[in-house]
Amino acid sequence: MNASLPTRRAFLKSTGAFAAVSAASSVIAAPNDKISVACIGIRGRGNSVMHSFIAEPDCEVTHLCDVREAVLSQRGAEVKAKTGKMPKLVKDYRELLSDPSIDAFMVATPDHWHALLTIEGCLAGKDVYVEKPASHNIQEGKVAVAAARKKDRMVQMGTQIRSAKFLHEAREFVKSGALGKVITGRAWETGRSGAVKLVADGTPPPGIDYNLWQGPSPERVYNQTIVEGAWRWMFDYGTGDLGNDGVHRIDYCRYVMGLDTFPEAISASGGKFFFDDDQQWPDTQMVTYDYPGHIIQYEMRLWSKSKLFGAGEGAVIYGENGWLQLTNTSWKAYDPDGKIMKEGSSDVGQTAHVRNFLDAVRSRKRESLNQEIYSGHISTVMCHAGNIAWRTGKKLRFDAKTETFDDATANVLIGREHRKGFELPKIG
């Protein structure tokens with residue numbers, strides 16, 4: 001990145017005017033004044049989001065960070081081929097924290113790293129685009145919000161449909177009163193997943209920093225299956241499919257229904273009813289979220305090819321005068337007899353979501369973010385709360401002020417002790 005943007009930021013900070021740069025909200029950066037982004041976690045989803053940042057003309061991916069040497073080399077070559085510039089390749093994210101040339105982090109690691117990278121990035125003065133879920137547990141997410149507020153950082157959670165035109169249209173349609181009084185929403189995930197079978201524990205192969213991969217999670221002997229992808233289905237690293245895919249669909253319901261706060265109570269049932277494997281999270285799960293005068297229900301079946309309303313995943317909002325169906329790309333509203341009342345645009349949102357984040361980095365207008373960290377935290381907490389209700393087998397009441405439950409057993413699962421060297425910072 002050209003040094004002009006950090007120099008300008010340093011000047012604004014020194015004069016106390018950093019928060020007053022909102023006038024730049026609609027200004028396209030000059031070619032020599034690009035936002036410098038360090039991409040952390042660049043396999044799979046991270047690779048896709050990285051390329052969305054590269055595609056923006058006022059953004060430059062200047063650093064790549066991953067615990068795997070081979071991934072770093074491959075992605076570095078790809079970025080150079082696409083942009084003509086070789087990014088700096090970094091294995092340990094801590095090298096990025098003190099680098100003043102970096103304006104923002106893109107975080108797309110396994111779930112157990114999302115919050116800590118967000119927190120440390122904020123405390124180091126970086127803005128952050130973090131993939132969903134925003135945290136591995138409720139306590140981490142709460143600290144991430146506090147860090148963003150303390151340092152006045154722009155933090156966007158990567159539920160990209162929040163920036164899709166069709167989702168905003170659907171919300172406005174419901175707000176218009178066309179469905180009458182809206183009380184319930186239903187979100188779902190269906191599909192046939194594969195069984196999770198762990199190979200025997202072993203030793204880390206050359207080319208991966210396994211200590212860094214573990215990060216804040218409890219110490220564990222290396223297991224290739226976990227590290228290469230099964231982490232999502234293990235308690236210590238992932239959040240199950242509720243935190244993986246459910247966070248999107250639950251967020252659809254919450255946003256379109258205008259429920260911008262935490263639920264008051266959560267109950268859940270489910271278990272491992274189909275797969276006889278090593279997965280720890282359930283393959284079948286039903287969760288109910290109680291709001292004053294509203295209910296959101298979530299259904300997850302990882303073993304079923306049977307779709308709901310013709311879609312393997314999606315959400316439906318029910319009103320007194322009809323209902324509205326949301327897919328991952330569009331919406332349609334139906335009257336009580338099933339006739340289409342109205343249908344909206346069709347798009348996927350990722351490009352717009354990245355653009356929305358970059359615009360907020362320039363404008364310093366936190367309210368302009370389509371999925372600002374606090375909103376992302378609410379949807380993420382709903383997933384954590386559903387999982388905790390399932391693990392405890394209890395209907396739980398949630399205190400939005402303290403972000404705790406009315407049950408001691410459930411409160412034990414709100415957070416965890418981070419491994420030495422990767423402690424959760426305390427935000428004063």
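Mentor: Start by placing a residue in its element: D290 lies in strand 9, residues 284-291. Keep in mind that this is a predicted model.

Trainee: Is D290 buried or exposed?

Mentor: Relative accessibility decides that, and under 20% counts as buried. D290 has 19% relative accessibility, so D290 counts as buried.

Trainee: Which residues does D290 touch, apart from those up to four places away in sequence?

Mentor: With those left out, the residues that D290 touches are P263, E264, A265, I295 and K395. For K395 there is also a polar contact between its side chain and that of D290, at 2.9 Å.

Trainee: Now the open sheet of six strands: what is its strand order?

Mentor: The order is 3-2-1-4-5-6, and the pairing is parallel. Strand 3 (88-90) and strand 6 (155-157) are the edge strands, each pairing on one side only. From one strand to the next, the twist averages 20°.

Trainee: How many bridges join strand 4 and strand 5?

Mentor: Four bridges, in the parallel sense, between strand 4 (residues 104-107) and strand 5 (residues 127-130). Opposite F105 stands V128 in strand 5.

Trainee: Which strands does helix 5 touch?

Mentor: Helix 5, residues 111-123, packs on the sheet and touches strand 1 (35-40), strand 4, strand 5 and strand 6. The direction of helix 5 makes about 165° with that of strand 5.

Note on methods:
Residues numbered from 1 in each chain as written. Predicted model: local features only at pLDDT ≥ 70, side-chain atom pairs only at ≥ 80, totals over all residues. Heavy atoms only, no water. Helix = DSSP H or I, 4+ residues; strand = E, 2+ residues; numbered from the N terminus. Buried < 20%, exposed > 50% of the residue type's maximum accessible area, 1.4 Å probe, protein only. Polar contact = N/O pair within 3.5 Å; in protein donor to acceptor, adjacent residues only side chain to side chain. Contact = heavy atoms within 4.5 Å. Pairing = 2+ DSSP bridges. Axes fitted to C-alpha atoms, helices over the stretch in contact; angles between N-to-C directions.
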